[in-house]
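Please consult the sequence and the model alongside the text.

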Amino acid sequence: MRIDFTDVVVRRGGSRVVHGATFRVEPGQVAGLVGPNGSGKSSLLRSLYRVTRPESGTVAVGGQDVWTLPPRTVARQVAVMTQESTADFDLDVLDIVLLGRLPHHRGFGGDSPRDLALADRALARVGAADLAGRPFAGLSGGEKQRVLLARALVQESQVLVLDEPTNHLDISFQLELMRIIGELGLTTLAALHDLNLAAAHCDVVAVLRAGRIVAQGPPADVLTPDLIHDVFGVRADVLAHPASGRPLIAFSPLPSRSPDSPAPEHPVKEHTSCPVPSSPASPPREQPSPPSASSR
Amino acid sequence: MGVHVALFLAILATLVVSGATGPADVSTADAARVVVGHLVPDVSWMRDGSITPLQDQAVWQFRLPRTLLAGLAGAGLALAGALMQAAVRNPLAEPYVLGVSAGAGVGAVAVITLGSAAVGGLPLSGAAFLGALGATAAVYLLARQHGVLAPTRMILAGVALGSLLSAVTSYLTLTTEAQNVFSVLFFLLGSVSAATMDQLAVPAAALAAVTLYALANARALNALLVGDENATALGVGVNRLRGRLVIAASLLTGAVVAVSGGIGFVGLVVPHTARILVGADHRRMLTVTILGGALFLMVADVLARTVAAPTEIPIGIVTAVVGAPCFLWLIRQGRAARAGMLR
């Protein structure tokens, strides 16, 4: 199913956080949404899974505006892994996974054998079969993400939406998660902080800056040193990954004053607000260092 | 399933024990016979004089109605508590969190102290129900902003309005004649002693309706536990569900409080106990909550009549004195971790 954002404007807490975003994900594509903190990635995703209604513009899945469809219908088409993970009263892992069957059921009744089989298969697929009977709240961050992905899988949707799915994950499971997602063949839209993860696993990326999509296309075309410099305020050297040949980006902090680099195009405060959070390929935190110091 | 059967059998047993408990001498077997005799037409022992009219009256007109009311009130308050806890996602929520009991208190105490005429000729239970509805409606409207019912604002609005209404009740109580104070206290602490069969209809209907609604939405209630955004992504209309849950729980609470007074503790503690026993999945815990609440108050009522006989103590005192130590023991058990009590 195709995802279409058309001129989407999202307002949150009184101010506009997305200013007319237009972006399309073709069926079966894995799309990455990248951008600094506060650039509107999550807000744009929320307009797709019906948490924040756009002020104007449309969000369509399979050609139908998700805001004109019943919530349950949308939930059968779009499964979401949110960043929110609260449970004041603990449910067991299996209960959490079976919640993914909610859009397919109505009213009374227990879980059908098919529900349980789907849950078992999903848990096995994400490598969490042994967690089924554990309380969800007692899991580690990585285990929780596995379980939440399993829940999204039992929803049997054609579209998968992921908001920072690799946060708090070790490198091994980051790669495993992205591999699983790639193998699902679903139309996938993921907000990602890690540009290298996006470069390695996404068919297309869209870059958000201050609520506007400033570039979109295949990662190799979009994630250029200039764009990364402009949007993230860091120096980027794009290499070829020795194993896959896909873009591999090496980051270093911008020299605070350097004669051979152009003057910053936007205010300094925008630069300081967007270090990429810690992840294996991210730059070191901004720190006082000699202008010419190389980060690695 | 085992828990349900055990609770159901315990409820039946309590019903019979209650029928055999009191000043008029009725054996357990005779109490059971009276109950069966009223339900099944044409049984021999109702005609052959083996049950005296006094025994029949004691069991069927005094003891049974109050035990049934205790059961209905316990089930209703426990269910309302469970729904409220899920709706506002707060383990401290209880049926009275939106000021329902404070509102009912104002209505009832106004009738007791100022007379029925002061509230347009309503009987005490009618005034109490109206007070409960008024308080709920006020909190609901105060907590709503831009069409969104925010749980925290709702709880705080309920607490604030509850204080305001309690102040009114306190003022009315302090300025009334001394002989009224006992009636006021009995209502505020809760009592089922004056129950009649006629009074059971409204709480029973409310309990049945809200039970059906809750069970039909048990999966959606589970989704609420994992957060508003996740629930929305699972196709649950969170805001609408939350509003309906709050209204359903408050109507049920109002219907119960109007006839039994502000019995405390049940609505907070029974849902947690049910979670500890069978887990937080509403498809399992709701029915255990309802049966457990009924059993708890029925037993509490039998105790309220017997421990200080012939004096009767308010049932709210029994629920707290018996329930609190049991609950304190329970939350220290390993299984309590399942109900989120490690945080």
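How many helices and strands are there in chain A? Chain A has 10 helices and 12 strands.

## Basis of the model

The model is predicted, and local features need pLDDT of at least 70, side-chain atom pairs count only at pLDDT 80 or more, and totals for chains, interfaces and linings use all residues. Residues are numbered from 1 along each chain as its sequence is written, chains are lettered from A and ligands numbered from 1 in the order in which they are written, and side-chain values use heavy atoms, with hydrogens and water left out.

Helices (H or I, at least four residues) and strands (E, at least two) are DSSP runs, numbered from the N terminus.

## Chain A overall

Of the 296 residues in chain A, 49% are buried; buried means under 20% relative accessible area, exposed over 50%, and partly exposed in between, with a 1.4 Å probe and protein chains only. A contact requires heavy atoms within 4.5 Å. Among the contacts in chain A with a separation of 6 or more, 63% are between residues 24 or more positions apart.

## The four-stranded open sheet of chain A

In chain A, an open sheet is formed by four strands in the order β2-β1-β4-β5, with antiparallel pairing. Two strands count as paired if DSSP finds at least two bridges between them. The edges are β2 (15-25) and β5 (64-65) of chain A, each of which pairs on one side only. Strands β1(A) and β4(A) are joined in the antiparallel sense by five bridges, and I3(A) has V61(A) in β4(A) as its bridge partner.

Strand β4 (residues 56-61) of chain A also pairs with β5(A), in the antiparallel sense and over two bridges. In this pairing V61(A) stands opposite Q64(A), while A60(A) has D65(A) as its bridge partner. The hairpin of β4(A) and β5(A) has two residues between the strands, and G62(A) takes a positive phi near 60° there. Helix α1 (residues 41-48) of chain A lies across β1 (3-12), β2 and β4 of chain A and runs at about 115° to β1(A); axes are lines fitted to C-alpha atoms, for helices over the stretch in contact, and angles run from 0 to 180 degrees between N-to-C directions.

## A parallel pair in chain A

Strand β6 (residues 78-81) of chain A pairs with strand β7 (residues 159-163) of chain A in the parallel sense over four bridges. The bridge partner of A79(A) in β7(A) is L160(A). Along β6(A), V78(A) and V80(A) point one way, A79(A) and M81(A) point the other way, and all are buried.

The axes of α3(B) and α11(B) come within 9 Å and cross at roughly 155°. The two helices are therefore roughly antiparallel to each other, given that angles under 35 degrees count as roughly parallel, over 145 as roughly antiparallel, 65 to 115 as roughly perpendicular and the rest as oblique. The crossing of α3(B) and α11(B) is left-handed, a term for a near helix turned anticlockwise from the far one by less than a right angle, with right-handed used if clockwise. Residues of α3(B) including L69(B), L72(B) and L83(B) meet residues of α11(B) including L245(B), L252(B) and V256(B). The residues of this contact comprise 15 nonpolar, four polar and one charged, where Ala, Val, Leu, Ile, Met, Phe, Trp, Tyr, Cys and Pro count as nonpolar, Asp, Glu, Lys and Arg as charged, and the others, Gly among them, as polar.

Helix α12 (residues 266-278) and helix α14 (residues 315-330) of chain B have axes that come within 11 Å and cross at roughly 30°. This angle makes α12(B) roughly parallel to α14(B). The crossing of α12(B) past α14(B) is left-handed. From α12(B), V266(B), V269(B), H272(B), T273(B) and I276(B) meet T319(B), F327(B) and L330(B) of α14(B); the residues of the contact are five nonpolar, three polar and no charged.

## Buried elements of chain B

In helix α9 (residues 218-225) of chain B, eight of eight residues are buried. The buried residues of α9(B) pack against α4 (113-125) of chain A, together with α3 (53-87), α8 (201-216), α10 (228-233), α11 (238-260) and α13 (282-306) of chain B. Just after α9(B), G227(B) takes a positive phi of about 105°.

Apart from neighbours within four places in sequence, T136(B) is in contact with L98(B), V100(B) and S250(B).
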